[in-house]
Amino acid sequence: METVVSGIRSTGNLHLGNYFGAVQNFLKMQHEYNCYFFIADYHSLTTHPTPSDLHNNVRRVLVEYLAAGIDPEKSTIYIQSDVPEIPELYLLMNMNAYLGELERSTSFKDKVRANPDNVNAGLLTYPVLMAADIIIHRATKVPVGKDQEQHLEMTRTFSNRFNRMYDVEYFPEAQAFNFGTELIKIPGLDGKGKMGKSEGENNAVYLGDSPEVIKKKVMKAVTDGGPTEMNQAKPDIIQNLFDIMKAVSSKDTLDHFNELYNKCEIRYGNMKKQLTEDITHFLTPIREKIEDIERNEDYLRKVVTLGQEKARESAGKTIREVREIIGFKKF
Ligand code: TYM
C-alpha cells in the first residue's frame, strides 16, 4: 500500500484554503492509503510565534483536523515535535541541500520580502525540513495545495541526490497529489491572491467562523462594477468569488451565476448572499464538532499519544536504515 504524508503548520486556525487544498484529500485518502498527517510545529518557529501561542495553536489544528473528519484509527495523526527522528533526518539532509537552490525557492523569497528583519537559517532550510517530514515515512503521495508544488520538487531533488550519493534506491519520489487531479488554489476574499492565515483580517474564512462572521467577511469581498459585454472574461477579484463558489456550492448554483455573469445580469449582492449561505451550510457541522472535541482533553491526549507511537515506529525504521547507508557504525 502506498504511503501518504501531509502536514499543516500550526500558525493559526484552519481556513477554507487548507480545507480544500489539503484536508479534503486527507479525508478520502485515509480509506485507501497508509496515511500520516501531522501538525508542523517546528515549521511554525521559522516565523517566531510566542511560547504562549505555540501549544494552543497546535491544539487548535489538532481539534480542527479531527472535527473535519480525520480518523485517528485509520490514519496516523501526530505532532512533528513528538518525533525526534524528523529533526535527525533534517540534519542529515541539510548536508546535501545547496545554498543556491534554497535561496531560489519562491516561498523563501516571499518571506524575505515580507520580513526582511527575520531571515533566519530555519526559514532558508524550511524545504529541507519539509522533505524530511515526507521521506521519513518514504511517502510517495503528498496531498497539498498548489502553493506547495515547488517544495515537492525540492523534496524529489534532495531524495534523488541522496540516492545518487550513496548509490542506493532508498527514497522513492514523492508527488504532490489531489484527488481532483489538479492542485487547488483557493483565493482570498480580498482579491489579493491566495487565502492565507497571514493575509489580513478579511482574507480568510476559518472553519470555526460563526454564521455572522462568515456573512460579514463575504459581504465585504471586493467586486467591480459588473460585466458590460456578453461572455466577458472575469477579472481576478471576480474569478476569486467564482472559485470559492466552485469549492463550496453545487454545480447548479455555480452554473446559474456563471450564466448571469455571461448575460451581464449578475448582481454581486445576490451572489454573495448565496455564497454566505453555502459556506455556512458547509461549515456548520464542522464548527459544531470543533466545539465538542475542543472540550475533550482525554480524547486529544489519547490521539496524540497513539499518533506519536505509530509515527515513531515508522520514522525509527527509516532513521536506522539511513544511518546504516551513510555509514554510522556502533563501537
Ligand atoms: P500550510 O500550513 O501553509 O498549509 C497547509 C495546507 O493547506 C494548503 N493551503 C491551500 N490550498 C489551497 N488554497 C489555499 N489558499 C491554501 N492555503 C493553504 C497548503 O498547500 C497545505 O497543503 N509547508 C507546508 C506544511 C508542511 C507540509 C510538510 C505539507 C510542512 N511539512 C510535509 C506536506 C508535507 C505549509 O506551510 O502548509
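A residue is called buried when its relative accessible area is under 20%, exposed when it is over 50%, and partly exposed in between, using a 1.4 Å probe and the protein chains only. At 40% relative accessibility, Lys146 is therefore partly exposed. The structure is a predicted model, in which local features need pLDDT of at least 70 and side-chain atom pairs count only at pLDDT 80 or more, while totals for chains, interfaces and linings use all residues. Residues are numbered from 1 along each chain as its sequence is written, and side-chain values use heavy atoms, with hydrogens and water left out.

A salt bridge is a side-chain nitrogen of Lys or Arg within 4 Å of a carboxyl oxygen of Asp or Glu. The whole structure holds 19 salt bridges. In one of them, Lys146 pairs with Glu149 at 2.9 Å, N to O. Glu149 is partly exposed too, at 35% relative accessibility.

Another salt bridge joins Arg312 to Glu85, with the closest N and O atoms 3.0 Å apart. This pair links distant parts of the chain, 227 residues apart: Arg312 is in helix 14 (residues 297-326) and Glu85 in helix 4 (residues 85-94). Helices (H or I, at least four residues) and strands (E, at least two) are DSSP runs numbered from the N terminus. Arg312 is partly exposed, with a relative accessible area of 36%, whereas Glu85 is buried at 10%.

Asp209 and Lys217 form a salt bridge with an N to O distance of 2.8 Å. Here Asp209 is buried at 11% relative accessibility, and Lys217 is buried at 8%. Elsewhere, salt bridges with shared partners connect Arg60, Glu64 and Glu294 in one network.

The ligand comes next. Around the ligand are 27 residues, the closest being Arg9, Tyr126, Asp133, Gly145 and Asp147; a residue is counted if one of its heavy atoms lies within 4 Å. Arg9 places a polar side-chain atom 2.6 Å from a ligand oxygen atom. For Asp147, a polar side-chain atom is 2.5 Å from an oxygen atom of the ligand. In the side chain of Asp133, an N or O atom is 2.7 Å from a nitrogen atom of the ligand. The elements that give two or more residues to the shell around the ligand are strand 1 (3-9), helix 1 (16-29), strand 2 (34-40) and helix 8 (126-135).

Methods. Polar contact = N/O pair within 3.5 Å; in protein donor to acceptor, adjacent residues only side chain to side chain.
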